[in-house]
Every structure is written in structure tokens, then in C-alpha cells.
Amino acid sequence: MPSGPATLGDFSVLPVSIPPLPSFPNKDVFHYLYVRRNTPKIPTPNDTRSLFLTNVPADSTEVHLRALFASLVGAGRFESAVFEGERKDARSQSQSPIDAATPASAARLLQAHSKKRKREDEEAERAREEAAARLPSTWTRPLRRSGSTAVVLLADKKSVEQVLKAIAKVHKTRKYPTWGGNLPEGRVPPLGSVWLKAHNRLSYPDKQALQASVDAFSLLYARREQEAAEIAKRLRNEPDEDGFVTVTRGGRAAPASRNEAEEAKRRMLEKEEKKKQELINFYRFQLRERKKAEQAELVKRFDEDRRKLEAMREKKGKFVPEA
């Protein structure tokens, strides 16, 4: 039976009983999950109702965690789970798979003007096209690396409190949850030889499905090139946010030569310098006027002091001391 601490730093320790296997029939096997409130470096609106888990089992799935939290606080509290590898995949897939094959200039133009073209219906259609362009996965179920992490999103902030209290109660009652207990039948693909056979089968996809993915990729690539060419044509001699102009020749959509681009940049800098000089001269004019006003004020005060001094001298000359 587990005899370790109930907490470790900011983490609550959750012992999970691992059911015996034909290859390892020992019943007294426990895995330790470490749970705490989710406090990422970049806060999000869902931080107050999410938990951070580390040392998740290698065979973890969202279904496993849903069953585990249901055994702790009941059904309806668990909402979703995102594993460490999935967070990295989401960041890497934030761009379209076609971006790797899109010309660099086209990608920059599309990125600079994506805000103007975004609409909900277009985004949904684009997502469908990108999903069709991706090759099918060759694994029916991922495995986690040792000591990996996950973020669990619960229904509300109260659910987070209930889970942490339930973990503390587990150490007192010694009624430890079972990993994989009460799993819905058929919801989790099996591992072992069945998993490897499925991987071998998926590694050789159907020719029609593979051809469909290649065709979708080619169509998406051609569309992105056409959109980039249209944007480049529209941006001809149009200044960007920094004031730079993409100079083009005649009716071509390609950028102009290096000399022409440098000449356009030089003219723009000269124009900016002229505006700056005018502004400096304007401030100099104000400075001269302020100095003149200060000098006039000093002369006025000097005259007033001189008159006061003369008045005092006249008054002193008429003074007659008493005998």
C-alpha cells in the first residue's frame, strides 16, 4: 500500500492502482499522479477551472482521465484534457500544412493580410481543406513519454476544489482509484500486438485515400499561390504599416530590382527627414519667441526695481532727524 506524503510542494499526490496484467499479475502496483492548480506563464481565461497533471501514465488517454476524475468527484465535472505532446502538435499545426511548401514571399504576403481576408465561413472551409490535405495517422492510439504532463479542464472553479479535496480524502480512506476502471467498452483502442498490427496496416493506406490527400494538397497549394499573386498585385506601390513600398515593374507582380527598391527607400527617408526638419524649425521658432518674452519680462522687472530704488532714495533725502 502507498505510504508516501499526501503533498509534495504545490502538488497533491494521487496514488492510482494499476490493475494486474497476464504478463505482470502483481496486484500491489501503484502509479503516482501529481496534481496542482494550473498556473501557466501566460494566463488564460480557463486557468481557474483547470488542473495541471504531471507524471501521467504512458498509456493515458482523455477517456482514462475522464473515468479517473469521475471516480473522484462524480460524472459531469470533467470537460477535456490536453496532453503535452498534443500542445506541441497544436503549436506546430497552427500554420497550414501547405505553409511548408508555399513560397516565402507568398507566405509573408498572406500573413500580412490575413486579417483582411478572414471570415468565419472562409475559415471553416479552409480548415476542411487542410484536414483533407493531411495524410492519415498511422497510430490508433498515442503513447506518452515517461513523466509527461497534461492540463485537465473542469466544469467550473468549484470542481477544482472538489478534486483537490477528494485527493486528500483518498489518503485518509486508502480507497485508491483504479487506472482504467469503468472504461466505456470500445472507447479506447487496445495496445499490444493489436496496436502494432493496426499500425502496420495504417502505414500502407488505401491508394484512393492517399491520392485524395495528394490532390487536396495540390489544389490548396495552387490556391495559396494564386492568392499570393493577387495580393502582390494589389500591393503594388502601396505603403505598408511601416511606410515601406513594394516597388514593382510595369504590370508584373514580382518585386522590382534592388536598385529601384533602394531608390524608393531613399526618397521616402528624404521625405521623412524633411518633415522632421520642419518640425525642428517650428520648435526653434517657439524657442526664440519664448526667449524674447523672458528677456522682456526681465527688463520690465529691472525697470520696476530701479524706480522703487529711486523712490526710496528720494524719500531718504527728505528725512530730517529730531533734535
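Which strand is joined to strand β4 (residues 50-54), and by how many bridges? In this predicted model, strand β4 is joined by 5 bridges to strand β6 (residues 149-154), and the two run antiparallel; within this pairing, Leu51 has Val152 of β6 as its bridge partner. The model being a predicted one, local features need pLDDT of at least 70 and side-chain atom pairs count only at pLDDT 80 or more, whereas totals for chains, interfaces and linings use all residues. Residues are numbered from 1 along each chain as its sequence is written, and side-chain values use heavy atoms, with hydrogens and water left out.

The β4-β6 pair belongs to an open sheet of 6 strands with antiparallel pairing, arranged in the order β1-β2-β3-β4-β6-β5. Strands here are DSSP runs of E with at least two residues, helices are runs of H or I with at least four residues, and both are numbered from the N terminus; two strands are taken to pair if DSSP finds at least two bridges between them. At the edges of the sheet lie β1 (7-8) and β5 (78-83), each of which pairs on one side only. Helix α1 packs on the sheet and touches β2 (11-17), β3, β4, β5 and β6, its direction making about 135° with that of β5. Helix α6 also packs on the sheet, where it touches β2, β3, β4 and β6, and its direction makes about 60° with that of β2. Contact means heavy atoms within 4.5 Å, and the angles, which run from 0 to 180 degrees, are taken between the N-to-C directions of axes fitted to C-alpha atoms, for helices over the stretch in contact.

Helix α6 also holds Ser159, a residue that is buried, with a relative accessible area of 0%. Buried denotes under 20% relative accessible area, exposed over 50%, and partly exposed the range in between, for a 1.4 Å probe and protein chains only. Apart from neighbours within four places in sequence, Ser159 is in contact with Arg77 and Leu154, and its side chain is joined to that of Arg77 by a polar contact of 3.3 Å. A polar contact is a pair of N or O atoms within 3.5 Å, of which, within protein, one must be able to donate a hydrogen and the other to accept it, while residues adjacent in sequence count only if both atoms are side-chain atoms.

Side chains of opposite charge can pair when their charged atoms come close. A search of the whole structure finds 11 salt bridges, each defined as a side-chain nitrogen of Lys or Arg within 4 Å of a carboxyl oxygen of Asp or Glu. One of them joins Glu161 to Arg37, with the closest N and O atoms 2.7 Å apart; this pair links distant parts of the chain, since Glu161 lies in helix α6 (residues 157-173) and Arg37 in strand β3 (residues 30-37), 124 residues apart. Glu161 is partly exposed at 29% relative accessibility, and Arg37 is partly exposed at 35%.

Another salt bridge is formed by Arg66 and Glu62 (3.3 Å, N to O), both in helix α1 (residues 62-73) and 4 residues apart, about one turn of the helix. Arg66 is partly exposed at 33% relative accessibility, as is Glu62 at 30%. In the salt bridge between Arg306 and Asp303, the closest N and O atoms are 3.5 Å apart; these residues are separated by about one helical turn because they lie 3 residues apart in helix α9 (residues 258-317). Salt bridges that share partners join Asp303, Arg306 and Glu310 into one network.
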